Amino acid sequence: MVQEYSELDDKAPRADGRVKEDQAMPGPVSGSGRLDVSKPIRPFESGVADGRKKSGKAIKSFKKGKKDKRDKKAGKSKSGRRRERALPALFQPMELRDQHIRNRIWMPPMDTYSVLRHDGVPTNFHYQHYVSRALGGFGVVIGEATAVDPQGRISPCDVGLWNDEQTRAWQGIVRDVKAAGAVPVVQLNHSGRKGSSGCSSMGYINATVPVAEGGWQPVGPSPIAFGKMAVPVQLSRAQIASIVADFRAAAVRAVQAGFLGVELHAAHGYLLSQFLDPLINRRNDEYGGDLSGRMRLLIQVTDAVREVIPSGMPLLVRMSATDWATGGWGLDETIRTAKVLKLHGVDLIDVSTGGLVPGVEIPAAPNYQVPFSYQVRSQVLIPTTAVGLITKPKQADRIVHKGLADAVEIGRASLRDPYWPLRAAYKLGLSAQQTPYPEPYRRGAYGIAR
């Protein structure tokens, strides 16, 4: 069982969840999507890192009055414009397979439950939602959980990618996300036992929507309900094979829609993670039992998707590193599974926690999930992202600078501020020219007096 980690502060995790300040970290990502451990991330060559003095070198101060001191601190020249400086870690580009990503600030999949027609087709709301974040400077924009079939939706209000109408609707969104400079990634999902739940527009929050009102019978690895929701029907082998085929077909449609990456949702208690967790999967066939059996469906889906997407397209997997429950899924099994996924062509693990079993206590605090990302990154030698109560620019930059993750996902903060990366660039001292402003917005850059 994984111990409960407290706030990271400025310490990186050791094998027990923390690491000494000077411990060596794996470095940037190579073009193949693998870590180049010979090249650690070393930003702030100008001499300042996280507001502290560079080791062995004093930071000189001006003696020309308070204004000069303020300008120096802000990196401004005498003309009032910020000087260009070495890019902080958060704004260094990275590569995954053929994709060049402009920075390490990613928008994670954030469910919006906004398909009011209940047909899985993304709407004008989704266009504005995703394109705004791309214009706001995010390096990667990952779409919300996108169902591979109607019964794979979390709620009737979810988006999908199982027919041509949905594919066409995604094409316009994806086109303009790319035009704004971000890399669009689709997250493919099957909800399993958590399916047919309610949404704000129809009620039944944390409950099962009746079939008569647009719901359906949920399915799962075993007939064990999530909380007070309906008991799922145990999937047969034939049904499992059909779901693998659904993931494959959705991946083909993702390519047709123009997405530049695919993420498999094997976290937060949805179907792929349900099969992984011993508290949920009680099967006695080849899809249950020990870890090799419980990860079988995830590996089959991974192989099916990797087979139909281009070789240069990154394949990501989102995993809950622990279910926070005694006797359940934990970090050790996450690492073992990630090592297998890497062999099957996965390029990055999107590390989260929880959501698998109800009624557990989660020690939520700033950076509380970051140690899990570091452990997967350092032990599997695969790129990872970190997510969870990461809201401040310097906080996010430290995570990447220390090698705790290759990218940081800004979730709920991105919902209230679509332009979070632009503000972060200013807070970290970048000039307007170094900041990913859309050209029409550059006149309104942070720091401009008028």
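I took two strands as paired if DSSP finds at least two bridges between them. Strands (E, at least two residues) and helices (H or I, at least four) are DSSP runs numbered from the N terminus. The model is predicted, so I kept its limits in mind: local features need pLDDT of at least 70, side-chain atom pairs count only at pLDDT 80 or more, and totals for chains, interfaces and linings use all residues. Residues are numbered from 1 along each chain as its sequence is written, and side-chain values use heavy atoms, with hydrogens and water left out.

Strand 12.
I looked up strand 12 (residues 261-266) and found five bridges to strand 13 (residues 315-320), the two running parallel. Val262 stands opposite Leu315 in strand 13. Strand 7 (residues 183-189) also pairs with strand 12 in the parallel sense, over four bridges, and there Val186 stands opposite Val262. I then checked burial (buried is under 20% relative accessible area, exposed over 50%, partly exposed in between, with a 1.4 Å probe and protein chains only). Gly261, Glu263 and His265 on one side of strand 12 and Val262, Leu264 and Ala266 on the other are all buried.

Strand 15.
I found strand 15 (residues 384-387) covered on both faces, with Thr384 and Ala386 buried on one side and Thr385 and Val387 on the other. Strand 14 (residues 348-352) pairs with strand 15 in the parallel sense over two bridges. Asp350 stands opposite Thr385.

Helices 8 and 9.
Contact (heavy atoms within 4.5 Å) involves residues including Ile335 and Ala338 of helix 8 and Phe372 and Val376 of helix 9.
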